Structures are given as structure tokens and as C-alpha cells.
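This report describes selected features of one protein model, from a strand pairing to a pocket and its lining. The sequence and structure are shown below.

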Amino acid sequence: MESQEIPQTQYHASPNQSQSPPQKVPYNLWGTLEKSLSFKSKWGELNGAMGDLGTFIPIILALTLARNLDLGTTLIFTGVYNILTGAIYGVPMPVQPMKSIAAIMAAGICTGGILLVLGVTQLMQLVYWLVPLSVVRGIQLSQGLSFAISAVKYIRTEQNFVKSKSRGDRPWLGLDGLLLATICACFIILVSGGGNERKREITDADLKELNNNNNNNDDKSEKKGLRRVLYALPSAFIIFMLGGPSEVGKGFKFGPTSIKIVKISKQSWKDGFVKGTIPQLPLSVLNSVIAVCKLSSDLFPERDFTATSLSVTVRMMNLVGCWFGAVPNCHGAGGLAGQYKFGGRNGGCVALLGAAKLIIGVVLGSSIVKIFDQFPVGVLGVLLLFADLKLAMACRDMNTKEESFVMLLVTAVSLVESGASLGFLCGIVTHFLLKLRVLERSNLFLNCGCKEVNNFIA
């Protein structure tokens with residue numbers, strides 16, 4: 001007798017019986033925060049936190065020396081932003097000063113307001129869907145090459161951040177010499193290489209294995225163990241600590257600077273919108289939202305990123321901080337690429353950086369500018385160079401000649417003084433012209449094919 005599968009009986013509540021509502025799974029806030037801020041690799045996340053300092057310190061130092069930026073307040077607010085973005089996104093989402101806006105607070109508030117409207121109305125997500133990938137890659141490549149060129153200038157020449165000019169060739173010797181910068185660059189290449197993935201963290205088992213290999217005099221195993229330890233070294237953290245200031249001057253004032261509400265005049269609102277918001281807005285939309293959203297999806301495909309959420313967080317950062325004198329901030333594809341390059345894989349990376357900024361801002365305030373001013377710029381240039389080369393390498397997924405043509409056109413136009421806005425416009429027009437050309441060729445082929453079929457039938 002064949003065994004028959006007995007179907008499971010389904011019980012339905014009668015109309016007279018009360019049916020219990022479906023239970024909702026409670027939202028585990030602490031579990032989410034623990035997952036977002038955890039360290040996948042202690043040294044890796046610490047090393048990744050250094051990857052954005054090559055961009056952050058020179059810009060902040062220039063604004064402090066040239067435009068009297070309140071550095072203490074900026075460190076406090078950017079530290080809080082880093083912690084919050086790490087908790088929200090769970091990836092090393094950077095917080096960077098807006099390059100074109102500089103220290104115009106009104107421009108930061110206006111730019112943030114426009115981005116908020118674009119985000120809440122879902123228009124930013126629509127723009128993200130409509131912009132071709134080749135145009136996004138062109139913006140990323142131009143930004144990566146632009147900052148890489150600036151990094152080479154930092155390495156080769158001494159910089160005057162107040163006047164944004166070079167002061168001559170950098171000497172070979174000294175703590176800020178060309179020789180030290182060259183050694184740091186070679187060390188990063190040796191440890192990190194040119195690939196995407198960072199080697200895993202050194203464990204006690206690795207050290208034990210290395211010790212056993214030394215005792216057994218196994219040359220091959222010993223070399224393999226040494227390479228494993230070498231490849232896992234936190235190169236950016238070591239270089240950052242090596243490049244610390246040689247001497248700290250007197251005159252430090254401990255404690256945070258007094259935070260005050262900035263009074264913005266009508267003329268400042270006008271100048272900020274015309275001179276700051278209009279030039280910065282295309283760059284914020286393209287590099288701070290669309291490019292960051294695309295790069296985040298490429299680096300972390302298991303996570304969900306939307307242009308809407310990035311627009312809202314940029315707006316909230318500037319809505320709060322700019323009223324108290326903090327520099328306008330945004331997300332940046334270069335910062336994300338740099339932190340990923342040096343090992344950042346989770347939100348704990350930027351949260352650690354944010355905690356350090358917050359502590360320094362509270363303890364030292366604006367006096368920290370004395371340390372920043374003495375920090376070897378050549379070493380910062382090395383960190384900036386490798387971070388932006390990582391960003392430029394994102395364009396390697398262009399598979400067709402048409403996509404590569406559009407990407408290179410956007411890059412070439414964006415690298416001139418016209419900036420990313422004109423490059424974006426040229427890329428969009430070229431992309432649709434190429435699509436129209438393919439469509440016309442397809443229609444011509446179909447028409448010719450129909451005529452041949454009719455002639456054959458006749």
C-alpha cells in the first residue's frame with residue numbers, strides 16, 4: 001500500500017471566534033546600531049579612518065588660516081556628523097567640506113535647502129535613475145584625477161594655504177621633505193598594492209604560526225607568514241602617526257570655543273546664493289549624491305542606498321551646523337573611496353574618526369590649528385593621492401567604446417575651468433546623440449530588410 005502524503009490542515013477562525021492580529025517584529029534599535037558601528041577588522045577600520053584626512057585637513061586648514069573658520073566648532077559638528085552617518089548607513093560614509101562654497105554659511109544653508117527639496121520630492125532619485133552610468137563615471141574620473149593632481153603638487157612643492165599657491169620646490173630632506181613622502185608612498189604600495197580588497201587582520205593564530213615557522217626554520221612558511229603580517233599592516237595609520245608635528249608651539253588654550261549663532265545679513269544671503277550655491281549645486285548633486293550613491297552600491301552591493309537619503313542627510317548637516325559657524329559639509333565619492341581603499345568596511349570606521357574629532361574639538365578647540373599647520377603636507381598628499389586614484393579606478397567597468405567615449409569626454413570637459421556642470425551637460429547630450437544614431441541605424445536596417453523581403457516575394 002503506497003503511503004500518501006497527508007496535507008497539513010489549515011484552521012480558519014469562524015466569524016464568531018476572535019482572530020488575534022499578526023504580531024509585529026519589534027525594531028531592534030540597539031541591534032541595528034551594533035551592526036552598523038561594529039568593527040569587522042580593528043586595524044582595518046582604524047586604518048580606513050585615516051583615508052579621508054588627506055582631503056579634510058588641507059581644506060580645513062586653508063579655510064581656518066584664510067577665512068578665520070571656527071575650527072573648534074567645525075570639528076565638534078563634523079565629529080557628530082561622522083558618528084551619525086556611520087550609524088545610519090553602516091558603511092564608511094564620509095563627511096567632507098564643500099570645496100566651492102568655502103566658508104560661506106548662507107551658501108551652505110541654501111544648497112542644503114535645495115537638496116532637501118530634491119530629496120523629499122523624490123526628484124533626486126529620478127535624476128539618479130535618468131543619468132547614464134558613463135556620465136557618472138566621467139564625473140568620478142575627473143574628480144579623482146583632479147584631486148590626484150593636487151596631491152602630486154602637495155608632494156612636490158611647499159604650499160601656502162592662505163593664498164592657495166605653492167612656495168617653491170619641496171626639499172628632499174627633513175620631516176616634511178620629499179624623501180619621507182616618497183618612502184611613505186612606496187610603503188603604501190608595498191602593503192596595500194593596487195587592488196580593491198584589504199587583507200584580513202592579524203590574529204593571534206597568525207603570530208603563533210609565524211613563531212612556529214621561525215622555530216622550525218621553514219623558509220617558505222616563514223616568508224608566507226611575514227607576507228601575511230606585512231599585507232595586514234595599517235599603512236595609512238602608521239604614516240599618519242609618522243607624519244605627526246615635530247614640535248608643538250606654546251599658547252594652547254584648552255576647552256571648546258564658544259559656540260555662537262552666526263548672524264547672516266541680506267547681502268550675505270545674496271552673495272552666498274550667487275557665488276556659492278549656484279557653482280556648488282551641480283557638484284553637490286553629481287559628486288555628493290549621485291556619484292556617492294553609485295559608488296556605495298558598487299562597493300557595498302549588499303546594502304541599499306538611495307539618492308533621497310543622501311540628499312536629506314546633506315541638508316540636515318548644513319541646516320544645523322552652518323547656523324553656528326561650522327563649515328558647510330557634504331558626502332564625497334573621493335572620501336568614500338579613500339576610506340575603503342585603506343580598509344574601512346563598516347560605519348564604525350567613520351564613527352571612530354568622528355569620536356576623535358569630537359574629543360579634539362572639545363579639549364583643544366581652535367588651538368588644534370597649531371598642530372594642523374605643522375603637519376607634513378607631503379605626507380597628506382600621499383594619502384590623498386592613493387584615495388583619489390581609488391576613486392578614478394571606478395571607471396574600469398566601461399565595456400563599450402561608446403560608454404568609454406562619453407566618460408572620457410565628460411572627464412576632459414570637467415577638468416578645465418568650466419567644471420563638472422559643463423562636463424555633465426556635454427555627457428548627457430553626447431549620450432543621447434549616440435543612442436539616436438544607433439536607433440537611426442536600426443530603423444534603416446529594418447527598412448532595407450523589408451524592401452528586400454518584398455522584392456523576393458514579388
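Two strands are said to pair if DSSP finds at least two bridges between them. Helices (H or I, at least four residues) and strands (E, at least two) are DSSP runs, numbered from the N terminus. The model is predicted: local features need pLDDT of at least 70, side-chain atom pairs count only at pLDDT 80 or more, and totals for chains, interfaces and linings use all residues. Residues are numbered from 1 along each chain as its sequence is written, and side-chain values use heavy atoms, with hydrogens and water left out.

Strand 2 (residues 157–160) pairs with strand 3 in the antiparallel sense over three bridges. Most residues other than glycine have a negative phi. Strand 3 (residues 165–169) has five residues, and the number buried is zero, so strand 3 lies largely in the open. Here buried means under 20% relative accessible area, exposed means over 50%, and partly exposed is in between (1.4 Å probe, protein chains only).

**Individual residues**

Another positive phi, near 70°, belongs to Q122, a residue other than glycine. Q122 is in the loop between helix 5 (105–120) and helix 6 (123–130).

| Residue | Relative accessibility | Class |
|---|---|---|
| Q122 | 44% | partly exposed |
| Q96 | 2% | buried |
| I83 | 28% | partly exposed |

Q96 lies in strand 1 (residues 96–97). The side chain of Q96 makes a polar contact with the side chain of D52 at 2.7 Å. A polar contact is a pair of N or O atoms within 3.5 Å; within protein, one must be able to donate a hydrogen and the other to accept it, and residues adjacent in sequence count only if both atoms are side-chain atoms. I83 is placed in helix 4 (residues 71–89). From C-alpha to C-alpha, I83 and L358 are 9.6 Å apart in space, although 275 residues apart in sequence.

**The second largest pocket**

A pocket is an open set of points on a 1 Å grid over the protein atoms alone, where a 1.4 Å probe fits, with protein on both sides within 12 Å along at least five of seven lines; lining residues have an atom within 4 Å of a point. The second largest pocket holds about 390 Å³ of space, a volume being the space filled by probe spheres set on the points, which are joined across faces, edges and corners. Its lining has 21 residues, of which L53, F240, A356, I360 and F372 are the closest to the centre. Helix 15 gives the most to this lining, with five residues.
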